[in-house]
Amino acid sequence: MTITVKALSLDMAKKMADAAEAAALEKSLKIVIAIMDNHGNLKYYRRMDGNNFISVRMAQLKALTSASIPISTQALAERNETLANGPYLGVPGIVLLEGGLPIITHDGQHIGSIGISGATPELDGLCAKAAIAAIIDVL
């Protein structure tokens, strides 16, 4: 038996970054965009002018979190709150702030993730959702 494995293409990643940046510009935000494949390898990166080191690092960590665990960083934070001792807080590299989303195909394959940082976590999340919406037709 063989399986067909889908992959996140560079064109898809660029389209996502364009949509995230457009959403940021509409709200006068300066964000960092990190897009990874499902193994946590950086596929595409964009840094708008005017942000800082922590945003650079945080975008990558948000993407890595959703590449490692195919769930949004917001949902993971909510799950962590329901568990005794907040176990995800002790996992190196896991970020529990909104702005990280897995990229999941219509048939349920996890092909990558996006992490956005530079604004509030809620606004980072809006930009990440705009990025996913830009490729929804090809997932």
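Among contacts in the protein (heavy atoms within 4.5 Å) between residues at least 6 apart in sequence, 63% join residues at least 24 apart. The model is predicted, so local features need pLDDT of at least 70 and side-chain atom pairs count only at pLDDT 80 or more, while totals for chains, interfaces and linings use all residues. Residues are numbered from 1 along each chain as its sequence is written, and side-chain values use heavy atoms, with hydrogens and water left out.

The protein has 4 helices and 4 strands; helices (H or I, at least four residues) and strands (E, at least two) are DSSP runs, numbered from the N terminus. Along the sequence they follow the pattern α-β-β-α-α-β-β-α. The radius of gyration, taken over C-alpha atoms, is compared here with a globule rule of 2.2 Å times the number of residues to the power 0.38. Its value for the protein is 14 Å, close to the 14 Å that the rule gives for 139 residues, so the protein is as compact as a globular protein of that length. Along the principal axes, the C-alpha atoms fill a box of roughly 50 × 40 × 20 Å. Of the 139 residues, 48% are buried; buried means under 20% relative accessible area, exposed over 50%, and partly exposed in between, with a 1.4 Å probe and protein chains only.

In soluble globular proteins, nonpolar side chains tend to be buried together. A nonpolar core is a set of buried Ala, Val, Leu, Ile, Met, Phe, Trp, Tyr and Cys residues joined through side-chain atoms within 4.5 Å. The largest such core has 25 residues, of which Met16, Ile31, Ile33, Ile35, Ile103, Ile114 and Ile116 touch the most other members. At least two residues of this core come from each of α1 (10-26), β1 (32-37), β3 (100-104), β4 (110-117) and α4 (121-135). Helix α1 gives the most, with 7 residues. A second, separate core of 7 residues includes Val32, Val56, Ala63 and Ala67.

Helix α1 deserves a look of its own. The expected span of a helix is 1.5 Å times one less than its number of residues. For the 17 residues of α1 this should be 24 Å, and the end C-alpha atoms are 24 Å apart, which agrees. Its buried residues are Met12, Ala13, Met16, Ala17, Ala19, Ala20, Ala23 and Ala24. The face turned away from the buried side carries the exposed residues Asp11, Leu25 and Glu26.

Isoleucine 33 lies in strand β1 and is buried, with a relative accessible area of 0%. Leaving aside neighbours within four places in sequence, isoleucine 33 is in contact with residues including Ala17, Ala20, Tyr44, Ile114 and Ile116.

Lysine 62, in helix α2 (residues 53-68), is also buried, with a relative accessible area of 1%.
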